[in-house]
Amino acid sequence: MALQSLDIVQRSATTTPSTQARKTIEVAKLIDVTTCIGCKACQVACSEWNDLRADVGTCVGTYDNPTDLSDQAWTVMRFSETEENGKLEWLIRKDGCMHCADPGCLKACPSPGAIIQYANGIVDFHQENCIGCGYCVTGCPFNVPRLSKTDSKAYKCSLCSDRVAVGQEPACVKTCPTGAIQFGSKEDMKEVAATRITDLKKRGFDQAGLYDPPGVGGTHVMYVLHHADKPTLYANLPLNPAVSAMVSIWKGLTKPLAIASLAALSLGSLFHYISKGPNEVSKETEREIEDEDRAEAARKEKQA
Amino acid sequence: MIRDPKDLKRYTASERLNHWTVGISFILLALSGLPFFHPAFFPFTQFFGGPVWARILHPYIGVLMALAFLVIFLRFWQLNRLTAVDKAWLKNAHKMVDGDDHDMPEQGKYNGGQKVMFWALALCMALMTASGLAIWRAWFGFDITVVRLGAVVHAPTAAVMIALIMVHVYAAIWVKGTVRAMWYGTVTRAWPSSTTAPGTARSPASDAQVRLSPRIGRPVDPPFDPLLNQKRTRCRPFPSSLQPWTGRPC
């Protein structure tokens, strides 16, 4: 939910610039997948802080529960079993909104102010303005937003914008028992990640690295991965995420092109009418028909 | 109501109701759909009780239009088959737009331009329906690629369709005596392209429907006709397939 005490730098379906005067630091949440033990304390903290209650659900053969994000589950742990370097690996990724610098949801959203980006980088949904079209789902390269079946509004992780606004870290960060989730300025988080990556490389994870995909301008939720070269191992985390070309054409080129064409056509029609005049039946034709009518009448009279 | 018993009947009441159903649903769809395309049109959602209602209603109106359009399509597609005469008409269309319609060939119920419009709108309607269903989240949950394809097809096709309808409406305004066919179903005897051709073109409103496209002007000087290798007279007979030739001299 949106909290207006943060400066909004980008606003959905708005063609004029939003607040740009105050410069704040960009924040980021760093999720160190290599330190995560899959306890789901973050899921519980999220549910507690945001007053969400997902259905209890059933066991589907993995530890995933809830099995997917929903309006009642803004973050879920995804467990993947894989074999790397001849060893079984149990990869656990905390899934949720990545808070892209170039958010596809915001680009696609047709409702003014339903999706906003704060100066600190958090992308937030303002359900008050949400119309329930689901365009954010269409625009998101990470498949994160979910439409509620009860109110048709879209929901996703807010990065606890309400907590961050008052100087606190997100609920998931606060509760993580292993320190796998950290929060701070994006710059600091990158440094923390670099230290950890060096450490991992020393331990034999040559491909360890930071997941901060440039295709979406970088994200404000970043992962430290043991296999940064193969993010898809982690429950299909996309390798090179970017806003789909189809979404870019739909929300980019089409808009000015269509509006200019329709405007030109309306004006063109008006100018055509004014310059060429209407296409009317000539007086001559009308007279001809009248003459024929008269002749016909005369003939009938004669017969009578 | 028949305003003048000598008027020519072009459309039945059922055809007119069908056309108005399509027309009204089109206007409602444009007004409720444009806000989701560009924020400049967002205030239009107020006509529908706010943006959420516009989002809810838009696809249902779309279903109505698709069905009504389908009925129109089945009614008129045979009359809209393109022929060689239509190609000749289209070749000269730019002269007609420029205000000189001396060279326009005689046509059936619809001229080449109207036929192209018919098929273009039918294609747009098919694309709009398919892509619209793909992005209708209240009832469907297609794969994300299908939804994205639906979105990228729906918006530009809608723009093309709005442009086509603008041409359609302007043509009706430009060619005087056309709009009344939409209201009353009749046109004057002077309206069709060959007022002097005998047969059904001259039959009163109670008779068979007029089988002629809008008049496209009267030549001041009969132009040279390469087919007949002579000066074309204004009362050149209608194609025999459409008009029984009564042998009346020009």
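Biologist: Across which strands of chain A does helix H6 (residues 186-202) lie, and at about what angle does helix H6 run to E9(A)?

Modeller: This is a predicted model, in which local features need pLDDT of at least 70 and side-chain atom pairs count only at pLDDT 80 or more, while totals for chains, interfaces and linings use all residues. Residues are numbered from 1 along each chain as its sequence is written, with chains lettered from A and ligands numbered from 1 in the order in which they are written. Helices (H or I, at least four residues) and strands (E, at least two) are DSSP runs numbered from the N terminus, and angles, from 0 to 180 degrees, are taken between N-to-C directions of axes fitted to C-alpha atoms, for helices over the stretch in contact. Here H6 of chain A lies across strand E2 (27-32), E9, E10 and E11, and runs at about 135 degrees to E9(A).

Biologist: In what order do the four strands of the open sheet in chain A stand?

Modeller: Strands pair if DSSP finds at least two bridges between them, and in this sheet the order is E9-E2-E11-E10, with mixed pairing. Strand E9 (181-185) and strand E10 (209-211) stand at the edges, and because each has a single partner strand, one side of each is left without a neighbour in the sheet. Direction ignored, neighbouring strands are turned by 25 degrees against each other on average. E10(A) pairs with strand E11 (residues 221-225) in the antiparallel sense over three bridges, and A:Tyr211 has A:Tyr223 in E11(A) as its bridge partner.

Biologist: How do helix H1 (residues 13-33) and helix H2 (residues 51-76) of chain B pack?

Modeller: Their axes are 8 Å apart, at an angle of about 150 degrees. That makes H1(B) roughly antiparallel to H2(B) (a word used for angles over 145 degrees). Residues count as in contact if their C-beta atoms, placed from the backbone, lie within 7 Å; among those of H1(B) that meet H2(B) are B:Phe26 and B:Leu29, while the H2(B) side includes B:Ile61 and B:Met65.

Biologist: How many residues does each chain give to the contact?

Modeller: Chain A gives 38 residues and chain B gives 36 residues. On the side of chain A that touches chain B, the elements giving two or more residues are helix H7 (245-251), helix H8 (254-276) and helix H9 (283-303), and H8(A) gives the most, with 11 residues.

Biologist: How far apart are the centres of domain 1 and domain 2 of chain A?

Modeller: Domain bounds come from an automatic or database domain assignment, which for chain A gives domain 1 (8-241) and domain 2 (254-303). Taken over C-alpha atoms, their centres are separated by 63 Å.

Key:
Parallel < 35°, antiparallel > 145°, perpendicular 65-115°, else oblique. Contact = placed C-beta atoms within 7 Å.
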